[in-house]
There are 2 protein chains.
Amino acid sequence: MSNRQIVLNERPIGMILESTTALRESPVPVCGPDEALIKVGLLSIDPTIRTWMNDAPGYLPPIGIGDVIRSGGSGVVVESNSERYQVGDVVNGMTGWQEWAIASDANRFTVLPRGLGLDLATVMNVLGATGLTAYFGLLDVGAFKEGDVVVVSGAAGATGSVVGQIAKARGARKVVGIAGGAQKCAEVVELYGFDECLDYIEPGLTRRIHEACPSGIDLYFDNVGGAILDAALANIAMYARIVMCGAISQYNATERDGVTNTSMLIMRRGQMKGFIVFDFARRYAEAHLELAAMVLDGRLVHQEHLVEGLEHAPDALNLLFTGGNHGKTLVVVDESVQLS
Amino acid sequence: MSNRQIVLNERPIGMILESTTALRESPVPVCGPDEALIKVGLLSIDPTIRTWMNDAPGYLPPIGIGDVIRSGGSGVVVESNSERYQVGDVVNGMTGWQEWAIASDANRFTVLPRGLGLDLATVMNVLGATGLTAYFGLLDVGAFKEGDVVVVSGAAGATGSVVGQIAKARGARKVVGIAGGAQKCAEVVELYGFDECLDYIEPGLTRRIHEACPSGIDLYFDNVGGAILDAALANIAMYARIVMCGAISQYNATERDGVTNTSMLIMRRGQMKGFIVFDFARRYAEAHLELAAMVLDGRLVHQEHLVEGLEHAPDALNLLFTGGNHGKTLVVVDESVQLS
């Protein structure tokens, strides 16, 4: 029995190519003391993986050449020498792009809750890193208040769509999405229930944000960076909070867009604050309870975009940048791994 | 008796020119009910005046064409129908560029303290808007902590020089200035006691900040914006605080520099926060006490750059952008107005 793995073959410039990664067959890892062996079921495909492929300063070290692509994922425990995990537990953590992974003290997994009536893909979407990022980014980093005018970029994405829905559920005055193309914008309004969605591909975004938010933006949740961040900055209200969550428009860019409106932070006494969801790890349970409740009572609509087969993980990652995905992108490595 | 005034004649593009302003003679204003008439002594020449000349969104409305140039200043009360002011009080507030000003409920002045042994120019520098900006920006907006590595741009300026000295007095691990040219940099180290000063005119600023702050910047106090802000962003430590105070590099610019390193806020969980010193008006007395004490016991070194004559106020403002000033720039309108 072997462990198929996708490793980093060369550092990409721009979009990842055929030659960026390579498929490797390794032996299934041996489960050592205090470790558990995990059969990987689903991989979580997130924009941040692209940043780990660069040899640049980040919040985690770059993936080494020849190393398995770092990635979130879930799987089932098939062997355990650890008190933390029972055989049969479905767990979530950093599996990497491979069929088998090891949970250890250095690489801890969370045991996922059964009996909530949520399937594994839903849990990985709404209760996974993207849903948690939306929750803590909006409520803690952005200090969301009832009555806020909220603008969310990447609004059709796994994080953005959840941000807008939490904001609506908590009493935002208005929730405006920004997304690319008419189809995505329709999805944001009709499926996710935003009040409005602006297509950034059309010209005049700064003016259109002003028309949608004539009294200014109280809270801007930024998933994209670059020119869209700049257009939002031009429209902030007094004491605005800008949540710096991601900069997907820049991850594949060889030259980064410059942001010219940072002085608006002075004029409007605004703040921009960056965060990484891992910083909130001790409080995930609180978010899980609220997010699961919202899914179960229908206030939180979600979609998963399933890509079949470990070997298609690189294509799945590219979908995030071409906009070819709808909802949370997951790669199915083993469909027999299920929560319920 | 007339009131000589400098008014806005046309909106400048870039540096202000001869034609930007005009000298006008008006009657001395009449002191109405609840008002006081002020003979102006010194004008405070601050970069922000340049921003008020633009027809652009700001924290105050633009100066109207034909209106007196808005400006801080000090003077002596020569007539009073207000309980707030006694004849002979030396007061500080928004005088505008003119010889006579009116204090009213809409335009309140602060009565300056006598008997501290500080002369008027010193008080307008260290206890005026620039010193107060340094104090509240560093301690409140930047949440300065003992042991912080602090970097200050515009370090030879009236605000920057005070920021660095307060940081040193309060136990910063290291205080690094950024200024333009060898002479300014020498002043920052030798006169104001910063640990180091980097000349932004020399190439490689990003690398040189890294060399000066190998563990990163904990607190960056930004007076200049643009490319220097970008170089500082590239070097922030975890949980860094960036105080957005001013953007003097951009005030005369017809095209603004783009800031490309905002994603560092995500990687390092940093924050950028803008403010205007007026927001802290209720707490000025607290700052006055500490700043005056620091001047009197020699911990706070200061310089004033006096320009003689109301008619030279426009040239004095340009000095801030050419770097031709040393310390706080003040225009002497009437040298007989004194504090002690």
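At what angle do helix H3 and helix H4 of chain B pack, and how far apart are their axes? I began my notebook with that one.

**Ground rules.** I am working on a predicted model, where local features need pLDDT of at least 70, side-chain atom pairs count only at pLDDT 80 or more, and totals for chains, interfaces and linings use all residues. Residues are numbered from 1 along each chain as its sequence is written, while chains are lettered from A and ligands numbered from 1 in the order in which they are written.

**Helix pair.** I found H3 (residues 129–141) and H4 (residues 158–169) of chain B at an angle of about 45 degrees, axes 8 Å apart. Helices (H or I, at least four residues) and strands (E, at least two) are DSSP runs, numbered from the N terminus. Axes are lines fitted to C-alpha atoms, for helices over the stretch in contact, and angles run from 0 to 180 degrees between N-to-C directions. That makes H3(B) oblique to H4(B), as angles under 35 degrees count as roughly parallel, over 145 as roughly antiparallel, 65 to 115 as roughly perpendicular and the rest as oblique. I then listed who meets whom (contact: C-beta atoms, placed from the backbone, within 7 Å). The H3(B) residues include B:Thr130, B:Tyr135 and B:Leu138, and those of H4(B) include B:Val162 and B:Ile166.

**Sheet.** Strands pair if DSSP finds at least two bridges between them.

**Across the chains.** Which residue is the bridge partner of A:Met272 in S13(B)? I found B:Met272 there; S13(A) and S13(B) pair in the antiparallel sense over three bridges. The contact takes 29 residues from chain A and 29 residues from chain B, and S13(A) gives the most to chain A's side, with four residues.

**Symmetry.** Last, I checked the superposition (least squares on the C-alpha atoms of residues with pLDDT of at least 70 in both copies). A rotation of 180 degrees with 0.0 Å of shift along its axis brings chain A onto chain B, RMSD 0.0 Å. That is the relation of a two-fold axis. In chain A, A:Gly258 has the C-alpha nearest the axis, 1.8 Å from it.

Conventions
Contact = placed C-beta atoms within 7 Å.
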